Each structure stands twice: as structure tokens, then as C-alpha cells.
Amino acid sequence: MTTKHLLSLSKAEFKNFIDSIDVVLSDCDGVLWKETEVIKNSPETVNKLKELGKKFFYITNNNAKTRQDFVEKCNDFKYDATIDQIVCSSFLAAMYLKEKKFDKKAYVVGSDGITNELEAEGIKHCGVGVDLMEGDEVEMVMNFKPDPEVGAVVVGFDKHFSFPKLVKAATYLQDPSVHFIGTNCDTERPSPNDNKFPATGCFVRTIEAASNRSAVMLGKPESFISDYIIKKYGLKPERTLMIGDNCNTDILLGKRCGFKTLLVLTGITTQNDVDLMNAPNADTKNLIIPDYYANELGDLLKIITSS
């Protein structure tokens, strides 16, 4: 199996493709924007898809913001969005604990995006913010007194990640009854330049190693998010398109759910990766291959307006 470039499709092939879609699920960072910069032609493409009658939803692994934060960011970037059209992994953490009828306190290695979503569901929390080590590491370990109310450890992106947080998370997780939640598995975010941008998965893996436990992962490509969005939006998988920039999360989610998949090359997965997928001797069993790919989301707009 190989992936097809959208621009290589005939007019008839593209018409069949676009007519087969009722719902579009799109990743955000790396598809619609990169951090604080909108990706050229993406807002116009989203608007055109909506004009064609496609329902459009924003599905992101970002856990640093709440759904309401994403509504505001979408609107700032000229994307029309309501809170019900957004699923982010901070929100999923609150939904997971709500489903478990969680009534204790969550120790959060993350940011206000997670805690604000927890608070919206009446879930108590602690841990967010700077936690610097006073004295040496032995003193820190000896002096830490675990909070007996903590019944979950939730891990997201934490710009204040520190040794004390690692000690506390691992200590709480000694108790097998304490929930261990990873908001998402991404080890890299789309970088605004050529520097590496480590992501949430790096923190999750570190705490997994320290605690000798595996986190329950909630975001793409895991079953919790797929079950949630299929039920919430009443999706027919064969009539749904998943758009993303990362084969290991966005595209894999789409494949697992039976969605059509479109990769854009404005984020994590590169043209070199696509060339490997399409190489004559590629071991396709070990590759996550999208149905289609495009240089950018705006390629869709080019084809639609020229048809």
C-alpha cells in the first residue's frame, strides 16, 4: 500500500473523495497553526469545507489549554469554533476521572489547562506550578510527606517539571489504587524553528520509569478518545476524514477507527517519511500509511476551487 498525493488525483477521483466525507476531524498544531502562527491558507480551507456542508471538529492532544481557550485561539486565527466542536486531552483527563466517579484529589504534573478542566467537574487537585528543590535530593526525599487524599496522578506538558515532582508522582504511584493518567503520548511538538520541541510523552515516560507503572493514555491514538468522539459526534467511520501532521497519533487514530486519513506535511511527519512509505521495497507492515497526503491543508482548497 502507498499513500496518494491529493494533487495527483484526477478531478473524478477527488470528487469521489470529497463526496464520501460528511465529517472532518482535524488536529490543530501542525495542521491549522504552529504555536502562535497560523498556517497559510488553513483557515480558508476549513471555511470552504464547511461551505460544502462538512461538519468540522478540532481534535488535539494539547493539554496546556482548556476547550474554551481553544475556542478563543481558533477565533483569533479566523477559525469558527464552539466549545462542543473541540476535544483536547486536558478535557479528556477530567472526563476519564468523571467516568470513574473519582472523589479524591489529583496530583497534576502539568498546567492550568488540566486543572481548569478538572475544576469544571468539581475535581480537587494539587501540584501545578513551580516546585523547586530546597536542599539536596536526599533531604527532599526524606522530607516529602504524601497527601493521603491523592488518588490520581495526571501527567501532561509541564514547563516546570522537576526532580521534586518526579519524586512525588512516583511516590503516589506506589499505591496501585492510585490512577495513573497520561494525557497523551506525543514525545515531540511541531517546532516553530529547527530546534527540537519535547512534548508530554517525555514526562509520562520518565514517570513510568520512576514508578515502574504504565500510564493509561487518553489522547490520540488511544481508544479512550476514539470511543469518546465516535459516541459524542455520532460518527459513521466510513464517512469521516481524520486530518493530521503526525502518523503515530493522528493517522494511527484514523486507521484504528476506520476513518479516511489525510496527512499534511506542515508538522511532525516529513516528506522523507512519505518517500519511505512509497519506496518500492518498503516494509509496509511496520509503517502507518495515510490514505492521502498533502504538502499543506491549503492544497485541499486549491483543488476545490479549481474543480
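This is a predicted model: local features need pLDDT of at least 70, side-chain atom pairs count only at pLDDT 80 or more; totals for chains, interfaces and linings use all residues.

Me: OK. Is H7 mostly covered or mostly open, and how many of its residues are buried?

Reply: Mostly covered. Eight of the 10 residues in H7 are buried.

Me: Which ones?

Reply: Pro 164, Lys 165, Leu 166, Val 167, Lys 168, Ala 169, Ala 170 and Tyr 172.

Me: And what covers the buried residues of H7?

Reply: The cover includes strand S7 (105-109), H6, S9 and helix H8 (200-211).

Me: Switching to the sheet. What's the strand order?

Reply: S1-S14-S13-S12-S2-S5-S6. That's an open sheet of seven strands, with parallel pairing.

Me: Which strands stand at the edges?

Reply: S1 (4-5) and S6 (86-88). Each has a single partner strand, so one side of each has no neighbour in the sheet.

Me: How many bridges join S5 to S6?

Reply: Three, with S5 (residues 55-60) and S6 running parallel. Thr 60 has Cys 88 of S6 as its bridge partner.

Me: What does H4 touch on the sheet?

Reply: H4 packs on the sheet and touches S5 and S6. The direction of H4 makes about 80° with that of S6.

Me: What about S12 and S13, how many bridges there?

Reply: Four, again in the parallel sense. Met 242 has Thr 261 in S13 as its bridge partner. S13 is mostly covered, with four of its five residues buried.

Me: Which helix lies across S12 and S13?

Reply: H10 (residues 247-257). It lies across S12 (240-244) and S13 (260-264), and runs at about 165° to S13.

Me: Back to H4. At what angle do the axes of H4 and H5 cross?

Reply: Roughly 40°, and the axes come within 8 Å. H4 spans residues 89-99 and H5 spans residues 112-120. The crossing is right-handed.

Me: Which residues make that contact?

Reply: From H4, Ser 90, Phe 91, Ala 93, Ala 94 and Leu 97. From H5, Gly 113, Ile 114, Glu 117 and Leu 118. By class, the contact has six nonpolar, two polar and one charged residues.

Me: Now the rings. How many aromatic pairs?

Reply: The count comes to 15. One of them is Phe 91 with Tyr 228, an edge-to-face pair. The centres are 5.8 Å apart, with 75° between the planes.

Me: Where do Phe 91 and Tyr 228 lie?

Reply: Phe 91 lies in H4 and Tyr 228 in H9 (residues 223-233), so the pair ties together parts 137 residues apart in sequence. Phe 91 is buried at 4% relative accessible area. Tyr 228, at 17%, also counts as buried.

Me: Why is the Phe 144 and Tyr 172 pair edge-to-face?

Reply: Because the ring planes sit at 90°, with the centres 5.8 Å apart; over 60 degrees counts as edge-to-face. Phe 144 lies in the loop between H6 (137-143) and S9 (150-155), and Tyr 172 in H7 (residues 163-172), so the pair ties together parts 28 residues apart in sequence. Both residues are buried.

Me: Last one. Which residues do ring pairs link into a cluster?

Reply: Trp 33, Phe 56, Tyr 58, Phe 70, Phe 77 and Tyr 79.

How values were computed: Residues are numbered from 1 along each chain as its sequence is written. Side-chain values use heavy atoms; hydrogens and water are left out. Axes are lines fitted to C-alpha atoms, for helices over the stretch in contact, and angles run from 0 to 180 degrees between N-to-C directions. Helices (H or I, at least four residues) and strands (E, at least two) are DSSP runs, numbered from the N terminus. A crossing is left-handed if the near helix is turned anticlockwise from the far one by less than a right angle, and right-handed if clockwise. Contact means heavy atoms within 4.5 Å. Ala, Val, Leu, Ile, Met, Phe, Trp, Tyr, Cys and Pro count as nonpolar, Asp, Glu, Lys and Arg as charged, and the others, Gly among them, as polar. Two strands pair if DSSP finds at least two bridges between them. Rings of Phe, Tyr and Trp (its six-membered ring) pair if their centres lie within 6.5 Å; planes under 30 degrees apart count as stacked, over 60 as edge-to-face and the rest as tilted. Buried means under 20% relative accessible area, exposed over 50%, partly exposed in between (1.4 Å probe, protein chains only).
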